[in-house]
Each structure stands twice: as structure tokens, then as C-alpha cells.
Amino acid sequence: SGVPCRYQIALPRLILKWFMKDLYHMMEWIESDGFTADIAVFKQIVPDAMGVKAWFESKGKWADGTKFGEPSVSSSAMSKAALIVVPLAAVA
């Protein structure tokens, strides 16, 4: 997409378990059971359902308005975008 991305170290599981219980349980479920679906049954229920590629092709453009096949917004244009910095109030 041309958008810069930074990666950071994830929170330790113990911290998630203590302070973000819903996120902890979601991650545990995804790692143990995972997400599964019976596509054939789903298509019987929703016959006009589209896959990701078909859905994007039907829309004809990316989220930034760029049509498929055209050059996307360059990262240099993205880097020129103004940033708003809000200073944190001093804690007394």
C-alpha cells in the first residue's frame, strides 16, 4: 500500500492475562482452536457471497480512491503529510 509500518515487541502474555483479559482469551482461542468455517454451507445460506478478490474487483478501487492498476499514493507524498502533535499535560 506504500504506507510506512513500524513493528514493536508484543506485550508478554502474563500482562495480557492480568490487564487485557478479553484480548488474552481471544489470542488463546485463535492459537488453540483457530477460526474455521464451512464455505459450502455458508454459500448455501448466502449464495451471492464474494471472496476477497471478487469483492475488491467489484468495488474497483482501493480505500484511498486509487483505481486498481493505477499507481498508488507514493510514500514520499505520505511523508509530506502534516503531523499533529499534542503535548501531554504534566502530571502534578
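## Helix H2 and its end

Helix H2 is built from 12 residues and spans 16 Å from its first C-alpha to its last, close to the 16 Å expected at 1.5 Å a residue, where the expected span is 1.5 Å times one less than the number of residues. Helices here are DSSP runs of H or I with at least four residues, numbered from the N terminus. After H2 comes glycine 34, which has a positive phi near 75°.

The model is predicted, and local features need pLDDT of at least 70, side-chain atom pairs count only at pLDDT 80 or more, and totals for chains, interfaces and linings use all residues. Residues are numbered from 1 along each chain as its sequence is written, and side-chain values use heavy atoms, with hydrogens and water left out.

The structure holds two salt bridges, a salt bridge being a side-chain nitrogen of Lys or Arg within 4 Å of a carboxyl oxygen of Asp or Glu. In one of them, the side chain of arginine 13 meets that of glutamate 28 at 3.0 Å, N to O; this pair links distant parts of the chain, with arginine 13 in helix H1 and glutamate 28 in helix H2, 15 residues apart. The C-alpha atoms of arginine 13 and glutamate 28 are separated by 9.6 Å.

Glutamate 31 also meets arginine 13 in a salt bridge, at 2.6 Å, N to O, and this pair too links distant parts of the chain, joining glutamate 31 in helix H2 to arginine 13 in helix H1 across 18 residues. Through shared partners, the salt bridges join Arg13, Glu28 and Glu31 into one network. Side chains of opposite charge can pair when their charged atoms come close.

Arginine 13 is partly exposed at 30%, glutamate 28 is partly exposed at 32%, and glutamate 31 is exposed at 55%.

## A nonpolar surface patch

Leu11, Leu14, Ile15, Trp18, Phe19, Met20, Leu23, Met26, Trp29, Ile30 and Phe35 form a nonpolar patch on the surface, with about 1,200 Å² of accessible area together. Patches are made of residues with over 30% relative accessible area and no salt bridge, like charges being joined within 9 Å and nonpolar side chains (Val, Leu, Ile, Met, Phe, Trp, Tyr) within 5 Å; the areas come from the Shrake-Rupley method with a 1.4 Å probe, and for residues only the protein chains shown count as cover.

## The aromatic pair

The structure holds one aromatic pair, formed by tryptophan 18 and phenylalanine 19 in an edge-to-face arrangement, 6.4 Å centre to centre and with 85° between the planes. Rings of Phe, Tyr and Trp (its six-membered ring) pair if their centres lie within 6.5 Å, with planes under 30 degrees apart counted as stacked, over 60 as edge-to-face and the rest as tilted. Tryptophan 18 is exposed, with a relative accessible area of 54%, and phenylalanine 19 is likewise exposed, at 64%.

## Threonine 66 in a loop

Threonine 66 lies in the loop between helix H4 (52–59) and helix H5 (75–79), and is buried, with a relative accessible area of 9%. Its side chain is joined to that of aspartate 64 by a polar contact of 2.9 Å; such a contact is a pair of N or O atoms within 3.5 Å, and within protein one must be able to donate a hydrogen and the other to accept it, while residues adjacent in sequence count only if both atoms are side-chain atoms.

Methods: Buried < 20%, exposed > 50% of the residue type's maximum accessible area, 1.4 Å probe, protein only. Helix = DSSP H or I, 4+ residues; strand = E, 2+ residues; numbered from the N terminus.
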